[in-house]
Structures are given as C-alpha cells and as structure tokens.
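Hi,

Here is the structure I said I would pass on. Have a look at it first, and then read my notes below.

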Amino acid sequence: MYYVPDGTTRCGFYECGKCGYRFLDLETEPAIPCPSCAEDFDPEIGPDEEMPEEEKTAVLQQLVEGEDVEKMDALLSLAITGGNYEWI
C-alpha cells in the first residue's frame, strides 16, 4: 500500500487545513503535523532565534477500519501514482 503498511486494519484519514493535502496515517489523534508541510519546516535556528514549534495542521476526518483501509489507500494513491482503476 502507498500510505500505510500492508495488513493495516485501522488508521486515520487526515486533511491538512493549511495546504489541503489528504493522507492516511497510523496515528488516530485529533490533529497531527502534515507530512507535506513538514518538508518546509526548518528546525535549524541561529543564536538569537527561538525554536519554532511544529504545527499540527492535519485534522482527523475519519477513522478507517477493516477492508476500507486498503480501498481508501488505493483511492488516495491514484492521484499521486496514477495507478490502475481495476479495484473500483
């Protein structure tokens, strides 16, 4: 699978309020840092700067369980990978 490991039976479907990225994650917390926005996060600081906090911009939209995990993973990955549509 693209977002979560094979055999995953429970995961969270998240959407970032900042960039609009939708993804699955093994976490099921109400909010987590967006992996797309985290690429822009720069933890290096100078001597007079404060350490910026990583924002939790991705909000849990739905808990996905059972067979729906594989289907949701395939659906979300179609936009990125251009995979096949045979499973639909």
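A quick word on terms before the notes: two strands count as paired if DSSP finds at least two bridges between them. Strand β3 (residues 31-32) and β4 pair in the antiparallel sense over two bridges, so this pair meets that cut-off of at least two. Within it, alanine 31 has valine 59 of β4 as its bridge partner. Please keep in mind that this is a predicted model.

On its other pairing, β4 (residues 58-65) goes with β1 (residues 10-16), antiparallel again, and here there are seven bridges. Two of the partners in case you want to click through them: arginine 10 is bridged to glutamate 65 in β4, and phenylalanine 13 to glutamine 62 in β4.

Put together, the four strands make an open sheet in the order β2-β1-β4-β3, with antiparallel pairing. The edges are β2 (22-25) and β3, each of which pairs on one side only.

Now for the surface. Which residues form a negative patch there? They are Asp6, Glu67, Asp68 and Glu70. Glutamate 70 belongs to helix α2, which covers residues 68-81. Is glutamate 70 buried or exposed? With a relative accessible area of 55%, glutamate 70 counts as exposed, because the cut-off for that is over 50%. A patch residue needs over 30%, so the 55% of glutamate 70 passes that as well.

That's what I have for now.

Cheers

Key:
Residues are numbered from 1 along each chain as its sequence is written. This is a predicted model: local features need pLDDT of at least 70, side-chain atom pairs count only at pLDDT 80 or more; totals for chains, interfaces and linings use all residues. Side-chain values use heavy atoms; hydrogens and water are left out. Patches are made of residues with over 30% relative accessible area and no salt bridge: like charges are joined within 9 Å, nonpolar side chains (Val, Leu, Ile, Met, Phe, Trp, Tyr) within 5 Å. Accessible areas come from the Shrake-Rupley method with a 1.4 Å probe; for residues, only the protein chains shown count as cover. A salt bridge is a side-chain nitrogen of Lys or Arg within 4 Å of a carboxyl oxygen of Asp or Glu. Lys and Arg count as positive and Asp and Glu as negative; His and the chain ends are not counted. The place of a charge is taken as NZ of Lys, CZ of Arg, CG of Asp or CD of Glu. Buried means under 20% relative accessible area, exposed over 50%, partly exposed in between (1.4 Å probe, protein chains only).
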